[in-house]
Amino acid sequence: MSATANPSTTTDDLSKEERLKRYLLDRAEEGEMYFKGKFISEDVELSPKEIGALMVKLRDSATELTVEKWSYTGATTWRVEPA
């Protein structure tokens, strides 16, 4: 049963990552943007915790974006701009 759950989780994670990346590409189209996951969570239908985990992945894998962990005041602020 757990073997069946793992592939769907992986597929689900990929779609979440792609959804977040598309959102960020759209928002950062005109230049850099700063945000906290808790403020965009409804827009991308992800929890702030999921956004944080995906941002770390995107920082290393998204060639279309420059992702930087900017500051931490109550929650991580991310800086994103087109690459």
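Student: Where is Glu45 found in this chain?
Tutor: Glu45 is found in the loop between helix 2 (37–44) and helix 3 (48–61). Bear in mind that this is a predicted model.

Student: Why is Glu45 called exposed?
Tutor: Exposed means over 50% relative accessible area. Glu45 has 63% relative accessibility, so Glu45 counts as exposed.

Student: What is the phi of Glu45?
Tutor: Phi is near 55° there, a positive value in a residue other than glycine. Most residues other than glycine have a negative phi.

Student: What makes the pair of Glu45 and Arg19 a salt bridge?
Tutor: The cut-off is 4 Å between a side-chain nitrogen of Lys or Arg and a carboxyl oxygen of Asp or Glu. The side chains of Glu45 and Arg19 meet at 3.7 Å, N to O. Arg19 lies in helix 1 and Glu45 in the loop between helix 2 and helix 3, so the pair ties together parts that are 26 residues apart in sequence. Arg19 is partly exposed because its relative accessible area is 30%.

Student: Which salt bridge does Glu50 form with Lys16, and where do the partners lie?
Tutor: Their side chains meet at 2.5 Å, N to O. Glu50 is in helix 3 and Lys16 in helix 1, 34 residues apart.

Student: Is Lys16 buried or exposed?
Tutor: Buried means under 20%. Lys16 has a relative accessible area of 15%, so Lys16 is buried. Glu50, at 26% relative accessibility, counts as partly exposed.

Student: How do you know that the buried residues of helix 3 line one face?
Tutor: The buried residues are Ile51, Leu54, Met55 and Leu58. Seen down the helix axis, they fall within an arc of 115°, so they line one face of helix 3. The face turned away from the buried side carries the exposed residues Lys49 and Asp60.

Student: How does the span of helix 3 compare with the expected value?
Tutor: Helix 3 has 14 residues and reaches 20 Å from its first C-alpha to its last. That is close to the 20 Å expected at 1.5 Å a residue.

Student: Which residues touch the most other members of the largest nonpolar core?
Tutor: They are Leu20, Leu24, Phe35, Ile51, Met55 and Val80, in a core of 18 residues. Elements giving two or more residues to this core include helix 1 (2–27), strand 1 (33–36) and strand 3 (76–82). Helix 3 supplies the largest share, four residues.

Student: What does Phe35 contact, leaving aside its neighbours within four places in sequence?
Tutor: Its contacts include Leu24, Ile51, Met55 and Val80. Thr76 is also among them.

Student: Why is Thr76 called buried?
Tutor: The limit is under 20%. Thr76 has 18% relative accessibility, so Thr76 counts as buried. Thr76 has its place in strand 3. Among its contacts beyond four places in sequence are Phe35, Lys69 and Ser71.

Student: What makes Glu68 and Arg79 a salt bridge?
Tutor: Their side chains meet at 3.2 Å, N to O, and the limit is 4 Å. The pair links strand 2 and strand 3, with the partners eleven residues apart. Arg79 counts as buried because its relative accessibility is 12%. Glu68 is partly exposed, with 31%.

Student: How many salt bridges does the structure hold?
Tutor: The structure holds nine. Glu18, Lys21, Arg22 and Glu64 are linked in a network of salt bridges.

Note on methods: Residues are numbered from 1 along each chain as its sequence is written. This is a predicted model: local features need pLDDT of at least 70, side-chain atom pairs count only at pLDDT 80 or more; totals for chains, interfaces and linings use all residues. Side-chain values use heavy atoms; hydrogens and water are left out. Buried means under 20% relative accessible area, exposed over 50%, partly exposed in between (1.4 Å probe, protein chains only). A nonpolar core is a set of buried Ala, Val, Leu, Ile, Met, Phe, Trp, Tyr and Cys residues joined through side-chain atoms within 4.5 Å. Contact means heavy atoms within 4.5 Å. The expected span of a helix is 1.5 Å times one less than its number of residues. The arc is that of the directions from the helix axis to the C-beta atoms.
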